[in-house]
Number of protein chains: 2
Amino acid sequence: MLVPTTHPLQAGLTAESTLISAYRGIRPATTPVWFMRQAGRSLPEYRELRVGTEMLQACLTPELASEITLQPVRRHAVDAGIFFSDIVVPLKLVGVDVSIVPGRGPVMGKAVRTAADVAELVANDPAQLDSALGPIIDAVARTVAELGTTPLIGFAGAPFTLAAYLVEGGPSKDHIRARTMMHSDPESWAALMAWTAEITGRFLRAQVLAGASAAQLFDSWAGSLSPDDYARHVAPASARVLEFVRDLTFTLPDGTTEARVPVVHFGVGTGEILPQMRDVGADVVGIDYRTRLDEGIRRLGGNVPVQGNIDPAMLAAPWAVLEAHVREVHRRGLDAPAHVMNLGHGVPPETDPAVLTRVVELVHSL
Amino acid sequence: MLVPTTHPLQAGLTAESTLISAYRGIRPATTPVWFMRQAGRSLPEYRELRVGTEMLQACLTPELASEITLQPVRRHAVDAGIFFSDIVVPLKLVGVDVSIVPGRGPVMGKAVRTAADVAELVANDPAQLDSALGPIIDAVARTVAELGTTPLIGFAGAPFTLAAYLVEGGPSKDHIRARTMMHSDPESWAALMAWTAEITGRFLRAQVLAGASAAQLFDSWAGSLSPDDYARHVAPASARVLEFVRDLTFTLPDGTTEARVPVVHFGVGTGEILPQMRDVGADVVGIDYRTRLDEGIRRLGGNVPVQGNIDPAMLAAPWAVLEAHVREVHRRGLDAPAHVMNLGHGVPPETDPAVLTRVVELVHSL
């Protein structure tokens, strides 16, 4: 196992990067850009590398996870790597029966439906995860050693999204079984969320300690929640996850400044709960393409750095249409203290990688 | 075939009902209530009636469609019937190869992906639908004859949602193939939308002529669209659908007042496009549970009657929790000129019907 050495922030490698500056709310001269799911199926070099290796196996093989993380940075010259992993990896590492079915997503061996199911799950001590995180720490350390001054963003799923998979047993529309449990059995729900927060918080903390200069918490399905339910039944657990990384500080090369890694919080279709997602302790809020970026910034009070929100469906449009869209998103992003260009959802697998590279060039020219 | 006689509005049966009053923006003394998908799988009498009959066959058998529409009105004493049908019924009637797969939804024999596919589809003359609408007219006429003073709401899918099924070939997440076509081949997209509007408009018009006192246009998947895309690539076709019913007027019994049927427009997760959904010509806007009802009313300018938005996941909560939620939704609805209580999405199949009946009693007592 590669042992992490000095953290890139401490080594003075990434603290001045455009990404970290923007995440701290200081607008850099050039707008930084990266793409959610940039490491993945849109790249032929990724598809080649994955032949014969299952998704979770790839996530847990340090050489593979690291190489896959680096591929889009090399190809597109994006301003960040996003750690190649999956939100269910910490569940797998703590012994939950989960697999990723191609074309479908994470599927559980057994859905967690009853109070007894929850009790059985949460009886697993989250602290045992720490001893299983070797492959993650190794992969992150390898990756940051290669990335140099390009920051790596750590990756974790938020408790609600993980709980939605656990309760539903797999992907679902509207996640109504999970959302029903929070009302029909609030005690079991709270226990499930608290346990999941401990698991995913440890997963994220390990990545930061191993060298990630920022972190993104994906609450992919939080957009299925009403603002009231999010605040009452979800936000406390997401706040708990962020406590795992908030207390980590790194002394910058000046010897006096203590820096912690900025945290981005994103979910699909979360236009109704943006302030609540900030309030769990996020420094930056990612905004789905459904919400106009200027409107999202307004809802956040105008003083929060934002990330997003090119519509992924635009990536297949004629270049003139896509270019106009990217310029419009950039213009709308000027209402925030800083803006990191990204998609408003993940890269579709069918995307022509050359288009992504061209978008990076365009954003850097704006 | 049962031939429709005098329209219920003309006969003075439904014009003074609480539902139609609220839809016209005049708040009645008692808040009207009905439930999206009230006719369906949550009712044992429905499941019994459907044994051995496929979904689309049930929709096209007038006795069955009528009886299924009436079941929840009898059981729950809701203030409206919603015509039992499916948004793909007009496609089926015009000869498109479509079936409804239990647990999955509408599936097309062939997806409409290319310009040639679109050209082939739109070569079917929409006017030929008129001669195939007999079973629909029959079912509506039977139903309104039974409903008396309870209004029937006609039902149709909006062009975007139908196009999403056609392009994707079945249900999909984010409908990215359809949303991509609107950018990559806007001419084919416009042709597809225009054709679909003619089909679904005729389907809705037939229901109104046969006795529906109101109409609801379901753009189920419009929540996957950005406001810009909705306005540019979707709204014109939805406006065209509503032209099919806007010009139908009925002389009320006073002999002087000309009334047309009010139109409700609803989609899942459409909090970002509520004003645009009103602007296609809707009288009432349905609001998904994700958006706080008072916030939705505010976005609509405070002068539009609204419908919604109990969270369906709350139907399994202990009664005290559900009651508090319904009272809160009712209180928030007071900001609009009028409010029709409903869910913010369809009735989940597992719902205890007794709970729905109790919600009706509660709403009528508020």
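**Entry 1: Ala324(B)**

I started with Ala324(B) and found it in helix H14 of chain B. This is a predicted model, so I keep that in mind for every entry.

**Entry 2: from S10 to S11 in chain B**

Next I followed the chain on both sides of that helix. Strand S10 of chain B covers residues 306-310, and it pairs with S11(B) in the parallel sense over five bridges. I picked out two facing pairs. Asn309(B) stands opposite Asn342(B), and Ile310(B) stands opposite Leu343(B). How does the chain get from S10(B) to S11(B)? It crosses through helix H14 (residues 319-333), and this β-α-β crossover is right-handed.

**Entry 3: a look at S11(B)**

I then checked how covered S11(B) is, and five of its five residues turned out to be buried.

Which order do its strands follow? The seven strands run S1-S4-S5-S8-S9-S10-S11 in chain B, forming an open sheet with parallel pairing. At the edges I found strand S1 (81-82) and strand S11 (339-343), each of which pairs on one side only.

A general point first: in soluble globular proteins, nonpolar side chains tend to be buried together. The largest nonpolar core here has 129 residues, and Trp34(B) and Trp189(B) touch the most other members. Helix H10 of chain B (residues 186-209) gives this core its largest share, 10 residues. I listed some contacts of Trp34(B) beyond its close sequence neighbours, which lie within four places; among them are Leu19(B), Tyr23(B), Ile153(B) and Gln307(B).

I moved to His330(A), which sits in helix H14 (residues 319-333) of chain A. With a relative accessible area of 14%, His330(A) is buried. Beyond neighbours within four places in sequence, His330(A) is in contact with Thr31(A), His339(A), Met341(A) and Leu366(A).

Ser21(A) belongs to helix H1 (residues 18-23) of chain A. Why does Ser21(A) count as buried? Its relative accessibility is 16%, and buried means under 20%. A polar atom of the side chain of Ser21(A) lies 2.9 Å from the backbone oxygen of Ser17(A). Leaving out neighbours within four places in sequence, Ser21(A) is in contact with Ala15(A), Glu16(A) and Ile26(A).

**Entry 4: how the two chains relate**

Last, I compared the chains. Which rotation superposes chain B on chain A? It is a rotation of 180° with 0.0 Å of shift along its axis, and the RMSD is 0.0 Å. That is the relation of a two-fold axis. The same surface serves both copies, as 100% of the contact residues of chain B recur in chain A.

Note on methods: Residues are numbered from 1 along each chain as its sequence is written. Chains are lettered from A and ligands numbered from 1 in the order in which they are written. This is a predicted model: local features need pLDDT of at least 70, side-chain atom pairs count only at pLDDT 80 or more; totals for chains, interfaces and linings use all residues. Side-chain values use heavy atoms; hydrogens and water are left out. Two strands pair if DSSP finds at least two bridges between them. Helices (H or I, at least four residues) and strands (E, at least two) are DSSP runs, numbered from the N terminus. Copies are superposed by least squares on the C-alpha atoms of residues with pLDDT of at least 70 in both. Contact means heavy atoms within 4.5 Å. Buried means under 20% relative accessible area, exposed over 50%, partly exposed in between (1.4 Å probe, protein chains only). A polar contact is a pair of N or O atoms within 3.5 Å; within protein, one must be able to donate a hydrogen and the other to accept it, and residues adjacent in sequence count only if both atoms are side-chain atoms. A nonpolar core is a set of buried Ala, Val, Leu, Ile, Met, Phe, Trp, Tyr and Cys residues joined through side-chain atoms within 4.5 Å. A crossover is right-handed if, with the strands pointing away from the viewer, the path from the first strand over the helix to the second runs clockwise.
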